[in-house]
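User: I would like to learn how to read a few local features in a model. Could we take them one at a time, with the general idea before the case?

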Amino acid sequence: MKERIDALLADIESLACKTEKEIEEARVRLLGKKGEITRLFEEFRTVAPEMKREYGQKLNQLKNAAAAKIESLKNAVEENVSASSASFDLTKPGEPFPLGSRHPVSIVREEIIGIFRKFGYNVAEGPEIEDDWHVFEALNFPPEHPARDMQDTFFVTSGHNPILLRTHTSSVQVRAMESMPLPIRIVCPGRVFRNEAISARAHCIFHQVEGLYIDENVTFADLKQAILLFAREMFGSDARIRMRPSYFPFTEPSAEVDVSCNICHGKGCNICKGTGWLEILGCGMVDPNVLEASGIDSKKYSGFAFGMGVERIAMLKWQVKDLRNYFENDLRFLREFETSI
Ligand code: DAH
């Protein structure tokens, strides 16, 4: 019996079945009801009692070895099958992976920033949740100043120097003046929030890019030149600008800037409402009070600032008539900008 067990062990060791059918045949031959190992177990009953212990152990080893071998042969065959199945056909063409596209507001924001980078401006950012000092007070809006009504505000806390959602990115201008070495030449892109009723022309969330340049001897002529160069880069080399006197608490003098209508080239159409001009931004010379509030010597330094709405520029660029389109994320709208990346 001992020899037969050893012979079977060697036999199991060298088993090399390649198909499921061959494996099943080997299993039946060894472990089936009439299989060789099953028969040995029957014979075991007749083994002399003093040999039972030794033979019992050997038989169990044999049975376990056979079961393990068959299991591992099965696994090998299964792996082969899945490796060669159709899902691993490396010659198949790839599945196209649909690429998203930039949001039109991002496209225009990047374009605005890119233009000012070329002019030597750096990008500065600040918090969306701000205090009253940075949004209003340091920008020459004292408490109770009627100009605060120009910007309906979402307040987070009340009391002294309340916390609020910034109504304009001019707050970043203040942070820059407080912390950056002079001269300063920055653009500040960001989201702003106003308590406005949502309509085709207004939204409670929108984006601005603020610009600020402070140095010795900065004049209104520098401001005009910067805005003209920007308008030409953004709206085409034949773009013209005009400035209308305006009011902002933080600039003196202040102006609103119109660009010649890029649809009708000044002849008058329904986009420019027949005027030939489109309003694009507000600007002015930084008020000395604002410089002093941030610790800058207004006798030595002067500067200009400007601020524009990104959605507004995007609407003019693509003649989008309803601002709400930018916030609804309707794929049919967003896909129109796929080639504009
Ligand atoms: N902060 C103004 C607004 O939100 C825009 C603006 C106007 C910014 C004039 C400026 C500026 O820096 O000089 O309506």
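**Reading local features**

Analyst: The place of Asn329 is in the loop between helix H11 (325–328) and helix H12 (331–334). The model is predicted.

User: What is the phi of Asn329?

Analyst: In general, most residues other than glycine have a negative phi. Asn329 has a phi near 55°, a positive value in a residue other than glycine. The relative accessible area of Asn329 is 48%, so this residue is partly exposed.

User: Where does Lys273 lie, and is Lys273 buried or exposed?

Analyst: Lys273 lies in the loop between S7 and S8. Its relative accessible area is 63%, which makes Lys273 exposed. Lys273 also has a positive phi, about 55°, although it is not a glycine.

User: Next, peptide bonds. Which residue does a cis peptide bond join to Pro183?

Analyst: The general point is that most peptide bonds are trans. Here a cis bond joins Leu182 to Pro183, with omega about -5°. Pro183 is in the loop between H7 and strand S4 (184–193).

User: And what is omega for the peptide bond from Glu252 to Pro253?

Analyst: Omega is near -5° there, and the bond from Glu252 to Pro253 is cis. Pro253 belongs to strand S7.

User: Now salt bridges. How many salt bridges does the count come to?

Analyst: The general idea is that side chains of opposite charge can pair when their charged atoms come close. The cut-off is 4 Å between a side-chain nitrogen of Lys or Arg and a carboxyl oxygen of Asp or Glu. By this rule the count is 20 salt bridges.

User: How far apart are the closest N and O atoms of Asp6 and Lys58?

Analyst: They are 3.9 Å apart, and Asp6 and Lys58 form a salt bridge. Asp6 is in helix H1 (residues 2–13) and Lys58 is in helix H4 (residues 49–84), so the pair ties together parts that are 52 residues apart in sequence. Asp6 is partly exposed at 34% relative accessibility, and Lys58 is partly exposed at 21%.

User: In which strands do Glu256 and Arg244 lie?

Analyst: First the contact: the side chains of Glu256 and Arg244 form a salt bridge at 3.7 Å, N to O. Glu256 lies in strand S7 (residues 251–260) and Arg244 in strand S6 (residues 241–248), so this pair ties together parts that are 12 residues apart in sequence. Arg244 has 27% relative accessibility and counts as partly exposed.

User: Which residue meets Arg324 in a salt bridge?

Analyst: Asp322 does, at 2.9 Å, N to O. Arg324 is partly exposed, with a relative accessible area of 29%. Asp322 is partly exposed too, with 22%.

User: Which residues do salt bridges that share partners join into one network?

Analyst: The network consists of Arg242, Arg244, Glu256, Asp258 and Glu279.

User: Is Arg148 buried or exposed?

Analyst: The cut-off for buried is under 20% relative accessible area. Arg148 has 16%, so this residue is buried. Arg148 is in the loop between helix H6 (132–135) and strand S3 (163–165). Its side chain reaches the backbone oxygen of Pro142 at 3.3 Å.

User: Last, the ligand. Which of the 16 residues around the ligand come nearest?

Analyst: His168, Ser170, Arg194, Gln208 and Glu210 come nearest.

User: Where does the ligand sit, and which elements give two or more residues to the shell around it?

Analyst: The ligand sits in the largest pocket. Helix H7 (170–179), strand S5 (205–215), strand S8 (277–286) and strand S9 (302–309) each give two or more residues to the shell.

Technical notes:
Residues numbered from 1 in each chain as written. Predicted model: local features only at pLDDT ≥ 70, side-chain atom pairs only at ≥ 80, totals over all residues. Heavy atoms only, no water. Helix = DSSP H or I, 4+ residues; strand = E, 2+ residues; numbered from the N terminus. Buried < 20%, exposed > 50% of the residue type's maximum accessible area, 1.4 Å probe, protein only. Near = heavy atom within 4 Å. 1 Å grid on protein atoms, 1.4 Å probe; cavity = no way out; pocket = protein on both sides within 12 Å on 5 of 7 lines; lining within 4 Å. Sits in = over half its atoms within 2 Å of the grid points. Polar contact = N/O pair within 3.5 Å; in protein donor to acceptor, adjacent residues only side chain to side chain.
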